[in-house]
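Here are my notes on this one, in the order I'd go through them with the viewer open. Have a look at the model first, then read on.

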Amino acid sequence: MAILIDENKKVIVQGITGREGQARTRLMLDYGTKVVGGVTPGKGGSEVFGLPVFNSCSEAVATLGGVDISVLFVPAQGLKDAALDAINAGIKLIVLVADRVPVWDAMEIAAAARARGASFVGPNTLGIASPGKAVVGMIGGRAESAREWFKPPLPGGTGVGIISRSGGMSSSTAYYLGQAGVRISSIVHIGGDAVLGLRIPEVAKMFEADPATDAIVVFGEIGGSQEEELADLIASKVITKPVAAYIGGKAAKAGTRFSHAGAIIEGNRGTHAGKVAALRGAGATVVDAFGDLPNAVASLLRARGSRSLMTEAEIKAVWTTAITKIEPNKVAVRGHNIADLMGRVSFGAAVYLILSGRLPDERTGRLLDAILVSSIDHGATPPSCLAARTVASTGASLSQSVAAGILSINRHHGGAIEDCARYLSSLLERASQQRRTLDEVAAEEVTRIKSTGDRISGFGHRIHTKDPRTVRLFELAAEAGLTDAPTTHIGAARAVERAFAAIGKPLPINVDGAIGAILADLGLDPRVFNGIFMIARTPGLVAHVTEEQTRERPMRRIDPVNHAYDGPFAG
Ligand SMILES: CC(C)(COP(=O)(O)OP(=O)(O)OC[C@H]1O[C@@H](n2cnc3c(N)ncnc32)[C@H](O)[C@@H]1OP(=O)(O)O)[C@@H](O)C(=O)NCCC(=O)NCCS
């Protein structure tokens, strides 16, 4: 878990067509944030990086089927209207990047948010990041830098939560903590203005409730009373997790503004000494120099045996892998002890686990097994088999011959799985965006295909008209809880079949198409689909290569078609 933002939250960008809006949308997408669209009044119907642009947030929310977060790259003069648009559309978290927002506008936004049960971060915020999951706003910059700088918790593990009143220092704090081996659950730059949405106390309470956070780090500043309020929460045991803080602006004199509008000492309120004393008095660790913060946090975590602290080997590592952890006498695949998996989960379930990072339930595991079995072999004529046998006949080794077979698995052989899944996704997307039924979209497609002569991957078969593998796979998919509802890939496949039948040209989905639809409905990444076919076909290729090497003479001319079967017959 994390607070405020994660990889599943649907995000829209207001001002997506503007300079920063476009640039930051690219970076958020690169990091993995689920940006689903954007809003610029007057530019509805256009696209940015393939994402739909709407004229208003209510239009975006209705079309996209709900939105969790809106981030606004709208300049100060248009910010209030844009924020109210998001709040009135029912979006519950709004991130306001713009600086120089009039205080009165911020107050109006705050009142509207309160009335609609929404929260906002900013104005004048760099944004929020949940390392390893998503970023919103301008925090972290390029995705590669953000990945390198902000160390995420291990899966199921913990990190520290960072709350900062300074944009630049929110990234720096996370970076230096990472250098000291500290993992981060979320980073929130609350913004530097005098009137803010979520403030230090509210964010601290969110970290307190977050199981993935086991300590809170605050970059505070002079001015206001947020740090003192946090001290009260610690003293009254509302915040029980350890808090470490640095307060900037020690040298500032009363009445001076320290960089941000909110960082101003008035009379005796908001002084550096007052904040430090309040926090220390409540039991927080407060360092005098920012440079001492990383080690102070690391020692605090070490004393608690916290899992937020990286090992020496993890700190020294120059690259990371999230697949398998090897330690003396221990092997853990995607966080599961391999000895526990052995004999308990099927090979299909283990394939699902290693590719997705999630262990499937029993019926989904059985479905994966069925997919692997369905593609284990399809006789001697597919290109992969002919390639493997041809290379085997030259005297090549088993690995060379099997590799030759694998090399022939491409777009037109095995590749239909991924192509069909992507094609069905495009039909679903079109139906949703154009608010039409799947049957209408499929009928239009069939007309197009008839006139262009295009072939669609995953439909029809050169031998089978009713492929036994397809029928069985759909039975098992239904048992695993998948349906052919009009929002699913299986539903889209059925709509295409109906559209072909309606023009008197039955073209049923084939086994590759069925596998593509099922894997997509299971939520697996289409980039691994052809890999699943390779995994499934490898035993078949090993069998063919071994048979070639033991039965046939070297360098024979392999007839691609004329051969007979002399094995046992199925009952
Ligand atoms: C918010 C900010 C980044 C926008 O800058 P920008 O991208 O250069 O501005 P642009 O004018 O190019 O783009 C703004 C877009 O918002 C759009 N917009 C205006 N009102 C809108 C509304 N109500 N809803 C949605 N979009 C709106 C504009 O039409 C424009 O898009 P267009 O260029 O396609 O017409 C800038 O004004 C700013 O405040 N920068 C400082 C940010 C900062 O430092 N924050 C603190 C970090 S610590």
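1. Overall burial. Of the 571 residues in the protein chain, 47% come out as buried (20 or more other C-beta atoms within 10 Å of the residue's own, with C-beta atoms placed from the backbone). Keep in mind that this is a predicted model: local features need pLDDT of at least 70, side-chain atom pairs count only at pLDDT 80 or more, and totals for chains, interfaces and linings use all residues. Numbering runs from 1 along each chain as its sequence is written.

2. Layout. The chain splits into domain 1 (1-123), domain 2 (150-320) and domain 3 (361-551), with bounds from an automatic or database domain assignment. The centres of domain 2 and domain 3, taken over C-alpha atoms, sit 51 Å apart. Along its principal axes, the C-alpha trace spans about 95 × 60 × 35 Å.

3. Secondary structure and contacts. I get 22 helices and 17 strands for the protein chain; these are DSSP runs numbered from the N terminus, H or I of at least four residues for helices and E of at least two for strands. Among contacts with a separation of 6 or more, 72% join residues 24 or more positions apart (a contact means C-beta atoms, placed from the backbone, within 7 Å).

4. The open sheet. Seven strands line up as E3-E4-E2-E1-E5-E6-E7, with mixed pairing; two strands pair if DSSP finds at least two bridges between them. E3 (47-48) and E7 (119-121) are the edge strands, each pairing on one side only. E6 (residues 93-96) runs parallel to E7 over 3 bridges, and Leu93 has Ser119 in E7 as its bridge partner.

5. Helix H6. This helix (residues 167-179) has 13 residues and reaches 19 Å from first C-alpha to last, close to the 18 Å expected at 1.5 Å times one less than the number of residues. Its buried residues include Gly167, Met169, Thr173 and Leu177. The buried residues of H6 pack against H5 (143-149), E10 (159-164), E11 (184-189), E12 (213-221) and H10 (293-303). After H6 comes Gly181, with a positive phi near 85°.

6. The ligand shell. Which residues are closest to the ligand? Of the 24 around it, they are Gly15, Thr17, Gly18, Glu20 and Gly167, counting a residue as near if its C-beta atom, placed from the backbone, lies within 6 Å. H1 (19-31) and H3 (76-88) are the elements giving two or more residues, and H3 gives the most, with 4.

Key:
Buried ≥ 20, exposed ≤ 12 C-beta atoms within 10 Å, placed from the backbone. Contact = placed C-beta atoms within 7 Å.
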